[in-house]
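Me: I'd like to go through this model with you, starting with strand pairing and then moving on to pockets. Could you take a look?

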Amino acid sequence: MTRLVRATTAALALVLLGTFLSSCTEEHKSITLRVLASPELADVEPLLGQLKEDTGVELEMDYTATADLAGQYPAAGHAAHQLAWLASDRSFLLRVQDAHLNRPESTAIMRSPVVAGLAPAVAATLRERAPDGRITWADIADAAADGTVRFGMADPRRSDTGRAALVGVATAAAGTGRALREQDVSCDRLRGFRSGQTLTDPSSRELIDGYPSHQDDTNALIAHESELLSLNASGKLRRPLTIVHPDDGMVLSDFPLLLLDPRERPAYQKVVDWLLSADVQQKLMDRTHRRPVNPDVEPAPQLRTAVGNALSFPDRLSIIERLVDDYGDPEHPTADQVVFLLDFSTSMRGKRMADLRAAFAGLSGADRTAAGKFARFYRGERLTVVRFAGRVLQERTVTVSGDEDLKTLERTVTGGGFGADTAVWSALDRGYRISAAALRQDPGRPVSIVLMTDGENNAGLAYGEFLRHYRRLGTGAASVPTFPVQFGEADAAELKRVAAATGGRMVDANLSSLADAFKEIRGCH
């Protein structure tokens, strides 16, 4: 009996030992997952060896992720990548939503707001200009428009960091305090801001790496707080950048890890648990300067600045696509030409003319509201002012390069006399001839016309004659919209009709003010 018991006990021990060894082997079985990652996540690579040691999961990183993984997910046939690790998955998830694909599981790993890094002298200048020294995106846009700020930003067509930056600035420009809507991007409010961009790259990693050799011609960077802190700590800059957390809000990236292949969920969960552990969160923060998501880890002193108003991302991909399309190619920026046709008939004397001149002064930089800073005239923009009454009284064109050009326009608007009668359609005919000539000279330049009048047409061409002239100008004229501004007793029906015929829209200045009407149509095309 004793021998039988001993034999049975030994057999059971062997079985249990085998089961234990088998479970241990299974638990630490090595597996390799391919990860499609944002380029800026290359800074976590040195920690991934420890991940493999601790969990048996090896991550094979592919740093080629685009802003929304278009053309990369879903992959044809078997998934090329089992995971994705992005700076932000917002554009990607909107594309998944539009395509009615299954939404991948996503876990936030780290956080970092998109902020501005300014050369110390530039930061000091902007603080002197700003109320209470609190710099906003509107202040940065204003300084970009007048040439004070010359910034670098990753290409929003390719980079999720560049796209997050663009959404942040555009949301601030809309001034609603909410996520962008279709109507908020119907006109491009960022042209002045864009005029200050002097440096770009396909990814923010390349942008940051290349910036030290461009410090003479670029005095600001728009990127994640973490990237700017890392750059400042690198010793590659003559002077560290001053990091500004804009007072009108920031987009917060959370560097999510996504499960693209649901069959790998057990391994994905091991990776997530490891990354979110307090020890690893501390190491990630120390190495990358990103904010921990684990509440048990205390942020480093330089990461304790409150994000404040975290700006929401739009809920429709079409809004993002319109915003990115309007911003265009940062390497080949184009500046607009706007032709202003201004009624100087005798009915404009007095308060109406004072309002017109104040509106132009506001567009030249006198308007210090947030909306005014985004709407102002900007360097490189080509502006034509045509003063008319019963005929064209004066015509002047400048390309803005500084204050002197804006003063030239101001003298044109403030120094001219008045005339009898109101030749609205003759003035518009002249505006289209100017536009056609501009397009022949530079076919890629966006051109638009702003027509401001306070009365009805009583001289020169009739409306039908204008339309015949307009149609004879051909396809070039068809790309130039007219935005009539109704003021005083102007014929609203006629102005709406010409707006519809040319692809523009009418704005009624009687409902607000002439200054607000001009700001409303800035950037419309």
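Me: Which residue is the bridge partner of Thr-107 in strand 11?
Reply: In this predicted model, Thr-107 has Leu-257 as its bridge partner in strand 11, and Leu-257 is also the bridge partner of Trp-85.

Me: How many bridges join strand 4 to strand 11, and how many join strand 3 to strand 11?
Reply: Strand 4 (residues 105-108) runs antiparallel to strand 11 and is joined to it by 4 bridges, while strand 3 (residues 83-85), also antiparallel to strand 11, is joined to it by 3 bridges.

Me: Are the faces of strand 11 covered or open?
Reply: Both are covered, with Pro-256 and Leu-258 buried on one side and Leu-257 and Leu-259 buried on the other.

Me: Switching to pockets, how much space lies in the largest pocket, and which residues are closest to its centre?
Reply: The largest pocket holds about 540 Å³, and of its 31 lining residues, those closest to the centre are Arg-189, Lys-519, Glu-520, Ile-521 and Arg-522.

Me: Which helix gives the largest share of that lining, and what's the make-up by class?
Reply: Helix 20 gives the largest share, with 4 residues, and the lining as a whole comprises 13 nonpolar, 6 polar and 12 charged residues.

Me: And what about the second largest pocket, what is its volume and what lines it?
Reply: Its volume is about 360 Å³, and 15 residues line it, with Asp-43, Arg-205, Ile-208, Asp-209 and Ser-230 nearest the centre. Helix 9 gives the most to this lining, 4 residues, and by class the lining has 3 nonpolar, 4 polar and 8 charged residues.

Methods
Residues numbered from 1 in each chain as written. Predicted model: local features only at pLDDT ≥ 70, side-chain atom pairs only at ≥ 80, totals over all residues. Heavy atoms only, no water. Buried < 20%, exposed > 50% of the residue type's maximum accessible area, 1.4 Å probe, protein only. Helix = DSSP H or I, 4+ residues; strand = E, 2+ residues; numbered from the N terminus. Pairing = 2+ DSSP bridges. 1 Å grid on protein atoms, 1.4 Å probe; cavity = no way out; pocket = protein on both sides within 12 Å on 5 of 7 lines; lining within 4 Å. Points joined across faces, edges and corners; volume = space filled by probe spheres on them. Nonpolar A, V, L, I, M, F, W, Y, C, P; charged D, E, K, R; others polar.
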